[in-house]
Amino acid sequence: MTAATQQSQAGTDYRRIFIDTALTALIALAIIGPIVGMNATAPQGGLVLEYRWTMVFWLVAIIAAGRLFLQLLVWNRPAWVEPIHIKRTGAAAIAIGAVALLVGLSNMDSPVGFLAQIHPSLAAWMIAFGVFALVLGIWLMTSATKEIAEARGAQTGGLMRAVEPYGKYVGVALFLIAVVLPFIPGVDRRIVDLAILMLTYVMLGWGLNIVVGLAGLLDLGYVAFYAVGAYSYALLSTVYFPLWFGEGITPWTFWLVLPLAGLLAACWGIILGFPVLRLRGDYLAIVTLAFGEIIRVILINWYDFTGGPNGVSDIPRPSFFGIPFSNDENGFAATFGLTYSPLQRIIFLYYVILVLALITNFVTTRLRKLPVGRAWEALREDEIACRSLGINTTNTKLTAFAIGAMFGGFAGSFFATRQGFVSPESFVFMESAIILAIVVLGGLGSQIGVVIASIVVIGAFEVFREMAFLKAIMPAGFDPVQFRMLAVGIAMVLIMRWRPRGLITKRDPSIYLKEKKAVSADLVAQGHG
Amino acid sequence: MAKPLLTVRGVETFYGKIQALRGIDLDVNEGEIVTLIGSNGAGKSTLMMTICGTPRCRAGSINFGGADITQSPTHEIVRLGIAQSPEGRRIFPRMTVLENLQMGAAVSDPKHFDEDLGRAFKIFPILEKRQGQRGGTLSGGEQQMLAIARALMARPRLLLLDEPSLGLAPLIVKQIFEVIRDLNANQGLTVFLVEQNAFHALKLAHRAYVMVNGRITMTGTGSQLLASPEIRAAYLEGGAH
């Protein structure tokens, strides 16, 4: 505000602005020129450089214009522009954006609509314009509102801090939505499938949160335990259980193998844990990364046992505690007098993963209040202090690895039964990275943060599949799906810039005393001490 | 009369090829305050860490309360009744004061928790006021108090204090040393104190050792060493008050 007033008194320094804009254009040209301007294509018989200077020109022009706009209207705002004007402009932009978006969306799928008659991709352009106007409008509104509040001397703590006290209710609300989700009108198979995927990542995130968030052991190979769980279920249910107990066991295998898969994964957690006991930070990360790759490479190369790159197929689907989801008189629908629908199995899977995830959460929150959970947190804070207080750091680390791995194994089992097929390709390093990103973005150690981050990250992946309108605008061959990792990367950079400790940074102490003066006995007597 | 609680005999400790301790003999008797003074890098903290088992000594023996602890792992040594307030305090910064104290009680019977917590708050009333605050937000003096209180939560028979005066204002140092004296006089706690602040430490201690380059060069009662011209010249001139 003061800077802007001083500027207006001295008169806007147009020379400086001009130089700045020119510099911006130069930098943009230097970056965009080679990347966009020269495209190596390989038509018949050799590599050819294709030049796209028009596109470079437009991109550089857009960047320079944006910089000029910022210089003239934001950083050197003319004195006659008041925050309230900006706020109104923002509101108008939101309104225009919303209208454009709605008109565009409603005409998107009808190639003979009135928009399409004017120009084939006008609807798509309307959507793009609408999204842009909405984002701009929201930005203008929030910044102006903040400025007005600051001018009034009010405290502005930022959106996240304002939301944080309601964190408890967010958790409860998400839980209630999750419970009734499959029965909300308008929720179709696609949404339930997406919800299953999100819950799988929530569960994996919660499992990894034990290792990384609570115990502070950076694990880049978490997908290994996911793989162990998935292959345990796949191999036991297709090969070994029928061999040992006969075919009759098949409807029950999921429920029998699930705990076994968790146990096996926990064993692998301990196997990983032993060699890395003395390692911390970067060194630990490298070894766990290698471990994740080792498991994958073994799965590819141990052909006789795992089926190699072909994976394991025809994995039994889970049954409703012995009753299969089939369309005959022994099936789920017939037994309960319902009309058969393939959706029933999907909804059942949804509730299975929901319950598994909730168990993970329950166990983690309980453990945090027990000596072993407290020791994990203390270990994250200071290993030497931990040892000097008589905590056996070896056991503490191994339990963290084992319990985290166990939940990864459960999730893997679930993955195998849902897909009906597993192959080493599902367990690449990228998966570990996504799970770790979810934990870090959510805020290390925060349970609700993991939920929000998985919804954002996995949801963002899916949103990109939906962005069909971009295909209409962009040059042929553009596929928005290919840009989803880029978008997630940008989101990650932004979150780390504004919320360096993750979305949710609040940490609830595991012990309180009710009153400040008196030392209350009841809390401690309940096993908190 | 004096029963030895901690006996260190001929201890040699190495960091790789570098020898940090060159045959240390030292006794701490029950009910005593014993201090070890010496300049930077003399090996004081190494001796304290060696008593706790990290790093292990390569030669010699350490005996605590009749048990040979030379080869015991750290967490078992702590369970025998040696509590440590480590150098640089090392409180858990993101955990609350109360949680820090709770961690200190990790090896003791949960039944004592209330009583021990009440005792800790009585010794350091400021901690009771700060109990819900994160450890990292405390001032240096409060953190030191928390580190000592945390060590006391384990109900130790021997309290090891590594430079409790490090980086603290003189007034706070005085307060902390007063607490140590009081713990020793009224609760019979045995204290082994490593200090650079020789003047305060010698005034407080019943007996003292001086360490130079990994060797004990002098020993005597606190007042003897305080009066000795060598000590005055090496550690006290320049007025460490």
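## Close-ups of a predicted two-chain model

**View 1. Two domains of chain B.** The centres of domain 1 and domain 2 of chain B sit 23 Å apart, taken over C-alpha atoms. Domain 1 of chain B covers 1-81 + 157-241, and domain 2 of chain B covers 91-155; these bounds come from an automatic or database domain assignment. Everything here is a predicted model, where local features need pLDDT of at least 70, side-chain atom pairs count only at pLDDT 80 or more, and totals for chains, interfaces and linings use all residues. Residues are numbered from 1 along each chain as its sequence is written, while chains are lettered from A and ligands numbered from 1 in the order in which they are written.

**View 2. Where the domains of chain B touch.** Domain 1 of chain B puts eleven residues into the contact and domain 2 of chain B puts in nine; two residues count as in contact if their C-beta atoms, placed from the backbone, lie within 7 Å. On the domain 1 side, the elements giving two or more residues are α2, β7 (158-162) and α7 (170-187) of chain B. Helices (H or I, at least four residues) and strands (E, at least two) are DSSP runs, numbered from the N terminus. The top contributor on that side is α7(B), with three residues. By class, the domain 1 side has nine nonpolar residues, one polar and one charged. Here Ala, Val, Leu, Ile, Met, Phe, Trp, Tyr, Cys and Pro count as nonpolar, Asp, Glu, Lys and Arg as charged, and the others, Gly among them, as polar.

**View 3. Chain B against chain A.** Chain B brings 31 residues to this contact and chain A brings 24. On the chain B side, α2 (74-79), α3 (97-104) and α4 (113-123) of chain B each give two or more residues. That side splits into 16 nonpolar, ten polar and five charged residues.

**View 4. The open sheet in chain B.** Four strands line up in the order β2-β1-β4-β5 (chain B), with antiparallel pairing; strands pair if DSSP finds at least two bridges between them. At the edges are β2 (18-29) and β5 of chain B, each pairing on one side only. Strand β1 (residues 4-15) of chain B meets strand β4 (residues 59-64) of chain B through five bridges. B:E12 faces B:A59 in β4(B), and B:T7 has B:N63 as its bridge partner.

**View 5. The β4-β5 hairpin of chain B.** Two bridges hold β4(B) and strand β5 (residues 67-68) of chain B in an antiparallel pair, with B:N63 opposite B:D68. Two residues lie between the strands of this hairpin, and B:G65 in the turn has a positive phi of about 55°.

**View 6. Helix α19 of chain A.** Helix α19 (residues 429-442) of chain A has 14 residues and reaches 20 Å from its first C-alpha to its last, close to the 20 Å expected at 1.5 Å a residue; the expected span is 1.5 Å times one less than the number of residues. Its buried residues include A:I434, A:I435, A:L436 and A:I438. Buried means 20 or more other C-beta atoms within 10 Å of a residue's own, with C-beta atoms placed from the backbone. Following α19(A) is A:G443, with a positive phi near 110°.

**View 7. Confidence along chain A.** The lowest-confidence helix is α23 (residues 522-528) of chain A, at a mean of 36, while α18 (residues 393-419) of chain A is highest at 95.

Methods
pLDDT = per-residue confidence, 0-100. Buried ≥ 20, exposed ≤ 12 C-beta atoms within 10 Å, placed from the backbone.
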